Amino acid sequence: MAELTRALLGSAESGPLALAGGTRDGGIGTSAALIREAVRAVDEGRGVAVLCDMGSAVLTVKSLIGDEEAGLPAGTRIVDAPFLEGAVALTLTSAIGGDLDAVLAAAADARDYRKR
(Lines give C-alpha, C1' and ligand atoms only; values in the text may rest on other atoms or scores of the structure.)
Protein backbone atom coordinates (compact mmCIF):
# COMPACT_ATOMS: atom_id res chain seq x y z
CA MET A 1 0.00 0.00 0.00
CA ALA A 2 2.77 2.43 0.89
CA GLU A 3 4.53 1.72 -2.40
CA LEU A 4 1.31 2.31 -4.37
CA THR A 5 0.49 5.60 -2.67
CA ARG A 6 4.06 6.85 -3.10
CA ALA A 7 3.89 5.99 -6.81
CA LEU A 8 0.61 7.87 -7.19
CA LEU A 9 2.11 10.96 -5.55
CA GLY A 10 4.86 11.13 -8.14
CA SER A 11 7.31 13.84 -7.13
CA ALA A 12 5.14 15.17 -4.28
CA GLU A 13 6.55 14.52 -0.82
CA SER A 14 4.19 12.63 1.47
CA GLY A 15 4.03 13.14 5.19
CA PRO A 16 5.85 10.60 7.34
CA LEU A 17 4.64 7.08 6.68
CA ALA A 18 5.37 3.84 8.51
CA LEU A 19 4.08 0.31 8.04
CA ALA A 20 2.99 -1.98 10.84
CA GLY A 21 1.24 -4.85 9.09
CA GLY A 22 1.85 -8.43 10.05
CA THR A 23 4.01 -9.86 12.79
CA ARG A 24 7.72 -9.50 13.57
CA ASP A 25 8.50 -12.83 11.94
CA GLY A 26 6.74 -11.82 8.71
CA GLY A 27 3.52 -13.65 9.42
CA ILE A 28 -0.03 -12.53 8.94
CA GLY A 29 -1.58 -10.85 11.94
CA THR A 30 -1.51 -7.76 14.08
CA SER A 31 1.30 -6.76 16.39
CA ALA A 32 0.70 -4.13 19.05
CA ALA A 33 4.46 -3.66 19.34
CA LEU A 34 4.86 -2.96 15.60
CA ILE A 35 1.94 -0.54 15.66
CA ARG A 36 3.41 1.27 18.66
CA GLU A 37 6.81 1.54 16.95
CA ALA A 38 5.30 2.78 13.67
CA VAL A 39 3.18 5.44 15.37
CA ARG A 40 6.15 6.69 17.38
CA ALA A 41 8.34 6.74 14.26
CA VAL A 42 6.05 9.14 12.38
CA ASP A 43 4.95 11.31 15.29
CA GLU A 44 5.87 14.95 14.78
CA GLY A 45 3.70 16.28 17.58
CA ARG A 46 0.68 17.11 15.41
CA GLY A 47 -1.21 13.84 15.77
CA VAL A 48 -0.95 10.56 13.93
CA ALA A 49 -3.51 8.98 11.58
CA VAL A 50 -3.60 5.18 11.75
CA LEU A 51 -5.22 3.39 8.81
CA CYS A 52 -6.31 -0.16 9.69
CA ASP A 53 -7.20 -2.88 7.22
CA MET A 54 -9.34 -5.25 9.28
CA GLY A 55 -11.04 -5.86 12.59
CA SER A 56 -8.09 -7.17 14.60
CA ALA A 57 -6.00 -4.14 13.66
CA VAL A 58 -8.84 -1.79 14.62
CA LEU A 59 -9.30 -3.53 17.98
CA THR A 60 -5.57 -3.47 18.67
CA VAL A 61 -5.21 0.23 17.84
CA LYS A 62 -8.30 1.09 19.90
CA SER A 63 -6.84 -0.75 22.87
CA LEU A 64 -3.51 1.06 22.46
CA ILE A 65 -5.19 4.46 22.21
CA GLY A 66 -7.22 3.71 25.32
CA ASP A 67 -4.18 2.59 27.32
CA GLU A 68 -2.12 5.50 28.69
CA GLU A 69 0.73 3.11 29.43
CA ALA A 70 0.89 2.02 25.77
CA GLY A 71 2.78 5.20 25.08
CA LEU A 72 1.05 6.27 21.87
CA PRO A 73 1.46 9.99 21.19
CA ALA A 74 -1.41 12.32 22.03
CA GLY A 75 -3.62 12.87 19.01
CA THR A 76 -3.25 9.35 17.60
CA ARG A 77 -6.48 8.65 15.72
CA ILE A 78 -7.90 5.74 13.73
CA VAL A 79 -8.85 6.63 10.16
CA ASP A 80 -12.43 5.54 9.46
CA ALA A 81 -12.05 4.86 5.76
CA PRO A 82 -11.75 2.06 3.21
CA PHE A 83 -8.18 0.82 3.12
CA LEU A 84 -7.07 1.50 -0.46
CA GLU A 85 -9.08 4.64 -1.20
CA GLY A 86 -8.42 6.00 2.28
CA ALA A 87 -4.68 5.44 1.94
CA VAL A 88 -4.55 7.36 -1.33
CA ALA A 89 -6.70 10.22 0.01
CA LEU A 90 -4.81 10.64 3.26
CA THR A 91 -1.39 10.40 1.64
CA LEU A 92 -2.28 13.01 -0.98
CA THR A 93 -3.85 15.34 1.57
CA SER A 94 -0.80 15.04 3.78
CA ALA A 95 1.49 15.75 0.81
CA ILE A 96 -0.28 19.02 0.04
CA GLY A 97 0.05 20.16 3.64
CA GLY A 98 -3.23 19.07 5.21
CA ASP A 99 -3.34 18.87 8.99
CA LEU A 100 -4.62 15.83 10.86
CA ASP A 101 -8.26 16.88 10.64
CA ALA A 102 -7.99 17.46 6.87
CA VAL A 103 -6.26 14.09 6.40
CA LEU A 104 -8.96 12.28 8.39
CA ALA A 105 -11.75 14.08 6.50
CA ALA A 106 -10.26 13.32 3.08
CA ALA A 107 -9.86 9.66 3.94
CA ALA A 108 -13.42 9.46 5.32
CA ASP A 109 -14.74 11.08 2.13
CA ALA A 110 -13.19 8.19 0.21
CA ARG A 111 -15.94 5.97 1.61
CA ASP A 112 -18.43 7.64 -0.74
CA TYR A 113 -16.37 7.53 -3.96
CA ARG A 114 -18.62 6.39 -6.77
CA LYS A 115 -17.27 4.45 -9.74
CA ARG A 116 -20.08 5.05 -12.15
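## Burial and overall dimensions

Of the 116 residues of the chain, 32% count as buried, where buried means under 20% relative accessible area, exposed over 50%, and partly exposed in between, with a 1.4 Å probe and protein chains only. The model is predicted: local features need pLDDT of at least 70, side-chain atom pairs count only at pLDDT 80 or more, and totals for chains, interfaces and linings use all residues. Residues are numbered from 1 along each chain as its sequence is written, and side-chain values use heavy atoms, with hydrogens and water left out.

The accessible surface of the chain is about 7,300 Å², of which carbon and sulfur atoms supply 52%; areas come from the Shrake-Rupley method with a 1.4 Å probe, and for residues only the protein chains shown count as cover. Along the principal axes, the C-alpha atoms fill a box of roughly 40 × 30 × 25 Å.

## Secondary structure and contacts

The chain has five helices and two strands, in the order α-α-β-α-β-α-α from the N terminus on. Helices (H or I, at least four residues) and strands (E, at least two) are DSSP runs, numbered from the N terminus.

Among contacts in the chain with a separation of 6 or more, 63% come from residues 24 or more positions apart. Contact means heavy atoms within 4.5 Å.

Helix H1 covers residues 2–9, and its residues Ala 2, Thr 5 and Leu 9 are buried. Seen down the axis of H1, the buried residues fall within an arc of 70°, so they line one face of the helix; the arc is that of the directions from the helix axis to the C-beta atoms. These buried residues pack against helix H4 (83–95). On the other side of H1, Glu 3, Ala 7 and Leu 8 are exposed. Gly 10 follows H1 and has a positive phi, near 65°.

A nonpolar patch on the surface is formed by Met 1, Leu 4, Leu 8, Phe 83 and Leu 84, with about 430 Å² of accessible area together. H1 and H4 are the elements that give two or more residues to the patch. Patches are made of residues with over 30% relative accessible area and no salt bridge; like charges are joined within 9 Å, and nonpolar side chains (Val, Leu, Ile, Met, Phe, Trp, Tyr) within 5 Å. Leu 4 lies in helix H1 and, at 39% relative accessibility, counts as partly exposed.

## Salt bridges

A search of the whole structure finds four salt bridges, each defined as a side-chain nitrogen of Lys or Arg within 4 Å of a carboxyl oxygen of Asp or Glu. One of them joins the side chains of Glu 37 and Arg 24, at 2.3 Å from N to O. Glu 37 lies in helix H2 and Arg 24 in the loop between H1 and H2, so the pair ties together parts that are 13 residues apart in sequence. Glu 37 is partly exposed at 40% relative accessibility, while Arg 24 is exposed at 56%.

Another salt bridge pairs Arg 77 with Asp 101, the closest N and O atoms being 3.5 Å apart. This pair links distant parts of the chain, 24 residues apart: Arg 77 is in strand S2 (residues 76–79) and Asp 101 in helix H5 (residues 100–109). Arg 77 has a relative accessible area of 37% and is partly exposed. Arg 46 and Glu 44 also form a salt bridge, with 2.4 Å between the closest N and O atoms. Arg 46 is exposed at 62% relative accessibility, and Glu 44 is partly exposed at 48%.

Ser 31 lies in the loop between H1 and helix H2 (32–42). This serine is buried, with a relative accessible area of 13%. Leaving aside neighbours within four places in sequence, Ser 31 is in contact with Gly 22 and Thr 23.

Glu 85 lies in helix H4 and is partly exposed at 23% relative accessibility. Glu 85 and Met 1 are 84 residues apart in sequence, and their C-alpha atoms are 10 Å apart in space.
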